[in-house]
Amino acid sequence: LYVEAIRCNAEDGEAYLNLGCDLSVGETVQLHDGRVLDRRQLFFEAIRYDLDNRCALLNLGLVLKAGETVQLHDGRRMDQRQLFIQNIGAGSAKERSLGLVALAITLSPTEMATLLDGRMLDSRQLLQEAFTGELDTNCPHVAGIDHAAAIARLGEQQALVEAARANDVRAFAVEALRRRLQPGERLELPDGTVVEREIVSTSSDGSGEASRASKRARINEAAVTAGAAAAEATS
């Protein structure tokens, strides 16, 4: 459908964006003019025809590697963080929340990011602010994702991409925030969700790891339940 839209209008930025979002990591698509493009190239084309497409800026940032930069068609050269900050400054409520989560996981515990409004926030503050906006709306939620395992397997950035595709960013953000708490620390989010990082005592029978898995499951279940209750209250 999107390939056909581009064939009819080669300057349709939204079609490039949506096609890029439909592709899996490593997948490519051949357009009518013979070009074979991957996700990064499609997002880049979307920005070519709409420099203010905040969703395209966000997605382009998600496919860049740490320290990598890209030069936009207006001459600006940006890295991941700069792309996310642009999105946070003017994106929709949902895009802004996703941008806050994406920016947060690029920061080390001692780093801070300066937003367009002048505020300097660390990783935890960015994640907490993400919960004041919209997460996981307008499409079906895929339950049952073990985000702790996904992060361990893929790293936080790629795990976030997968969470976004599954409309499960909220639960991912809960796990990302949990990872940034001190052992034994407990935090209540603006929507009432409680996140805490357990103090793990190691044992020879592996019960410590089982306890961690059980705790993560309870946290994710609580996050999803709280999100559903909030959605019902506003409907």
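Biologist: Which hand does the crossing of H7 and H10 have?
Modeller: H7 passes H10 in a left-handed crossing, where the near helix is turned anticlockwise from the far one by less than a right angle. This is a predicted model: local features need pLDDT of at least 70, side-chain atom pairs count only at pLDDT 80 or more, and totals for chains, interfaces and linings use all residues. Residues are numbered from 1 along each chain as its sequence is written, and side-chain values use heavy atoms, without hydrogens and water.

Biologist: At what angle do the axes of H7 and H10 cross?
Modeller: They cross at roughly 155° and come within 10 Å, the axes being lines fitted to C-alpha atoms over the stretch in contact, with angles from 0 to 180 degrees between N-to-C directions. H7 is therefore roughly antiparallel to H10, a label for angles over 145 degrees. Arg124, Leu127 and Gln128 of H7 make the contact with Ala173, Ala176 and Leu177 of H10; contact means heavy atoms within 4.5 Å.

Biologist: How many helices and strands are there?
Modeller: The protein has 11 helices and eight strands, taken as DSSP runs (H or I, at least four residues, for helices; E, at least two, for strands) and numbered from the N terminus. Of its 235 residues, 41% are buried, that is, under 20% relative accessible area with a 1.4 Å probe and protein chains only.

Biologist: Which residues touch the most other members of the largest nonpolar core?
Modeller: Val101, Leu103, Leu115, Leu126, Leu160 and Phe172 do, in a core of 37 residues. Such a core is a set of buried Ala, Val, Leu, Ile, Met, Phe, Trp, Tyr and Cys residues joined through side-chain atoms within 4.5 Å. Among the elements that give two or more residues to this core are H4, H7 and H10. Another core, of 22 residues, lies apart from it and includes Leu17, Ile47, Leu57 and Met78.

Biologist: And what does Leu160 touch?
Modeller: Leaving out residues up to four places away in sequence, Leu160 touches Leu62, Leu98, Val101, Ala102, Ile105, Val169 and Phe172.

Biologist: Is H4 mostly covered or mostly open?
Modeller: H4 (residues 54–63) is mostly covered, with nine of its 10 residues buried. Among those buried are Arg54, Cys55, Asn59 and Leu62. Where H4 starts, a side-chain oxygen of Asn53 comes to within 3.3 Å of the backbone nitrogen of Cys55.

Biologist: What do the buried residues of H2 pack against?
Modeller: They pack against H1, E1, H3 and H4. The buried residues in H2 (13–22) are Gly13, Ala15, Tyr16, Leu17, Leu19 and Gly20. At the start of H2, a side-chain oxygen of Asp12 lies within 3.2 Å of the backbone nitrogen of Glu14.

Biologist: Changing topic, why does Gln80 count as buried?
Modeller: Gln80 counts as buried because its relative accessibility is 7%. Gln80 is in helix H5, and its side chain reaches the backbone oxygen of Leu64 at 2.9 Å. Residues touched by Gln80 include Gly61, Lys65, Thr106 and Gln157.

Biologist: Where does Thr193 lie?
Modeller: Thr193 lies in the loop between strands E7 (186–188) and E8 (194–196). Thr193 is buried, with a relative accessible area of 3%.

Biologist: Which side chain does a polar contact join to that of Thr193?
Modeller: The partner is Arg170, at 3.0 Å. A polar contact is a pair of N or O atoms within 3.5 Å, one able to donate a hydrogen and the other to accept it within protein, and residues adjacent in sequence count only if both atoms are side-chain atoms.

Key:
Buried < 20%, exposed > 50% of the residue type's maximum accessible area, 1.4 Å probe, protein only. Parallel < 35°, antiparallel > 145°, perpendicular 65-115°, else oblique.
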